[in-house]
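Here is a short briefing for a first look at this structure. Keep the sequence and the 3D view open while you read.

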Amino acid sequence: MQVTNTINREKSAALFEEAKQYFPGGVNSPVRAFKSVSGPPLFIESGEGCRMQDVDGNTYIDFCCSWGPLILGHNNTAIREKVMATVAKGTSFGTPTQLGNELGKLILDHNSFIDKIRFVSSGTEAVMSAIRLARGVTGRSKVVKFEGCYHGHVDSLMVKAGSGLVTFGVSTSAGIPPEFAQETLVLPLDRPDLLDELLAKHASEIACIILEPIPANNGLLLQDKAFLETLREKTKAHDILLIFDEVISGFRVGFEGAAGHYGIQPDILTYGKIIGGGMPVGAYAASSEIMSHIAPDGPVYQAGPLSANPVAMAAGYAALQQLVQPGFYEGLAAKTEAFVQGILNYCKDKGYAFSMPHIGSIFWIAFTNDRIKRADQIDPASMEKFKVLHHELLQSGVYLGPSGYEVGFISAAHTDAALAEASEKICAAIDVAMKG
Ligand SMILES: *Cc1c(COP(=O)(O)O)cnc(C)c1O
């Protein structure tokens, strides 16, 4: 198979130059700037099914899927029709709507881990609110997070470990007072021994432990179920709330997300991405008892004029209704498995140090044969290979998120033929990356 190097990205390049006059770094979300890979970011004009087209007329099989939300692919007919019909009646009222009820009921009817839900407008807002809720319920201040998990740009969670292994956090962004960061304790994943140490010292100060049960923002750091079970037991023993941040895994590895996949009941769950069917929606959810602490029932304040926006609720409903159909997730997982195995077999025959951790319809490309469970096990040097891979794939018409730390997503709109085509192109690009 031939990789052409003649792709024209002139219009994207020109628009990016223009955008730099308007937006910091030319973008409205930093990873879009393509800093970790080469060339200007693509300016996308349209999407249909598993493909999207840029302003220069190039088409790409898309494995970024808007960073996860598009589990049904681009321009899904049912979502589009429901959104259009809703928009025709007005876009926002700042009042309750029946559409909000419908999405709330659909979710709660099909998720045994939650009794009540509150809609917000982004994953970050969901997590921020969940942390406030945990603090409000427990009357404690400290939060524990894990290195390698991302929870949006919440002040208290833009934090990494300082020196030493069990430690108070230091912020990973300017503009966060050290006093805030110090309220956050940071642990490595997969180290129950360090969790014990931390609990021995600080348990009575800790409001919650938050993690991505399927960490998918720093590679795909699949955890042993036993570690998640340990977290559940230890938090319960110390009256610490366990928060599963399911902004990626929710509605992705199953309608009940990672909680359903592992059969573990957390205290609070956060959602985003898929829940809005391509529109900005986030949510946090818990038992009726915990949710009764939220205003107006309780003293924990949280509000938003565009929360449960009717157009966004319509999109979410039209999307999630398709996800509850029998066999939806099984079909998606089977397609992903076949796609991944095809690439793995190719790399094995070639003797490449290469693996593709995957779960449900999420996969990650890792230039190593080691199983990686923690952020510090990722070799930064391997990202050079990803850069070559990404460049080659842009030439051949396959779009991956523009960083080797990002996972890929497969949607229901990825046909077997498109996956076969992508697989062939990915294998060819891996050949180039391995030579580089
Ligand atoms: C994307 C993400 C967030 C933040 O959601 P936004 O909608 O980007 O604010 C939080 N947690 C996880 C696990 C995410 O993947």
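Cys65 is buried, because its relative accessible area is 1% and the cut-off for buried is under 20%. The model is predicted. Cys65 sits in the loop between β3 and α2.

**The loop between β3 and α2**

- Cys65 has a phi near 50°, which is positive although the residue is not glycine.
- Trp67 belongs to the loop between β3 and α2.
- The phi of Trp67 is near 75°, again a positive value in a residue other than glycine.

**Aromatic pairs**

- The structure holds 11 aromatic pairs.
- One of them joins Phe63 and Phe339, with ring centres 5.3 Å apart and planes at 20°, so this pair is stacked. The cut-off for stacked is under 30 degrees.
- The Phe63 and Phe339 pair links distant parts of the chain, 276 residues apart. Phe63 is in the loop between β3 (59-62) and α2 (77-87), while Phe339 is in helix α11 (residues 328-350).
- Phe63 and Phe339 are both buried.
- Phe328 and Tyr329 make an edge-to-face pair. Their centres are 5.1 Å apart, and the angle between the planes is 85°.
- Phe328 is buried, and Tyr329 is buried too.
- One aromatic cluster is formed by Phe34, Tyr60 and Tyr399.

- Phe363 lies in strand β14.
- Phe363 counts as buried, because its relative accessibility is 1%.
- Which residues does Phe363 touch, leaving out those up to four places away in sequence? Among them are Phe63 and Phe339. The list also includes Leu220, Val340, Met356, Pro357 and His358.
- Asn8 is 355 residues from Phe363 in sequence. In space, the two are 29 Å apart, C-alpha to C-alpha.

**Two domains**

- The domain assignment gives domain 1 as 10-75 + 327-435 and domain 2 as 77-323.
- The centres of domain 1 and domain 2, taken over C-alpha atoms, are separated by 26 Å.
- Domain 1 gives 26 residues to the contact, and domain 2 gives 33 residues.

**Where the domains meet**

- The size of an interface is often given as the accessible area lost when the parts come together.
- Between domain 1 and domain 2, the buried area is about 2600 Å². Carbon and sulfur atoms give 61% of that area.
- Which residues of domain 1 lose the most area to domain 2? They are Tyr329, Ile359 and Lys373, together 25% of what that side buries.
- Between domain 1 and domain 2 there are 3 salt bridges.
- Asp224 and Lys373 meet through their side chains in a salt bridge, 2.8 Å from N to O.
- Across the interface, 11 residue pairs are in polar contact.
- On the side of domain 1 that touches domain 2, the elements giving two or more residues are α11, β13 (358-359) and β14 (362-363).

**A cis peptide bond**

- Ala295 and Pro296 are joined by a cis peptide bond, with omega about 10°.
- Pro296 is in the loop between α9 (288-291) and α10 (310-323).

Methods:
Residues are numbered from 1 along each chain as its sequence is written. This is a predicted model: local features need pLDDT of at least 70, side-chain atom pairs count only at pLDDT 80 or more; totals for chains, interfaces and linings use all residues. Side-chain values use heavy atoms; hydrogens and water are left out. Rings of Phe, Tyr and Trp (its six-membered ring) pair if their centres lie within 6.5 Å; planes under 30 degrees apart count as stacked, over 60 as edge-to-face and the rest as tilted. Helices (H or I, at least four residues) and strands (E, at least two) are DSSP runs, numbered from the N terminus. Buried means under 20% relative accessible area, exposed over 50%, partly exposed in between (1.4 Å probe, protein chains only). Domain bounds come from an automatic or database domain assignment. Contact means heavy atoms within 4.5 Å. Buried area is the accessible area (1.4 Å probe) that two parts lose on being put together, summed over both. A salt bridge is a side-chain nitrogen of Lys or Arg within 4 Å of a carboxyl oxygen of Asp or Glu. A polar contact is a pair of N or O atoms within 3.5 Å; within protein, one must be able to donate a hydrogen and the other to accept it, and residues adjacent in sequence count only if both atoms are side-chain atoms.
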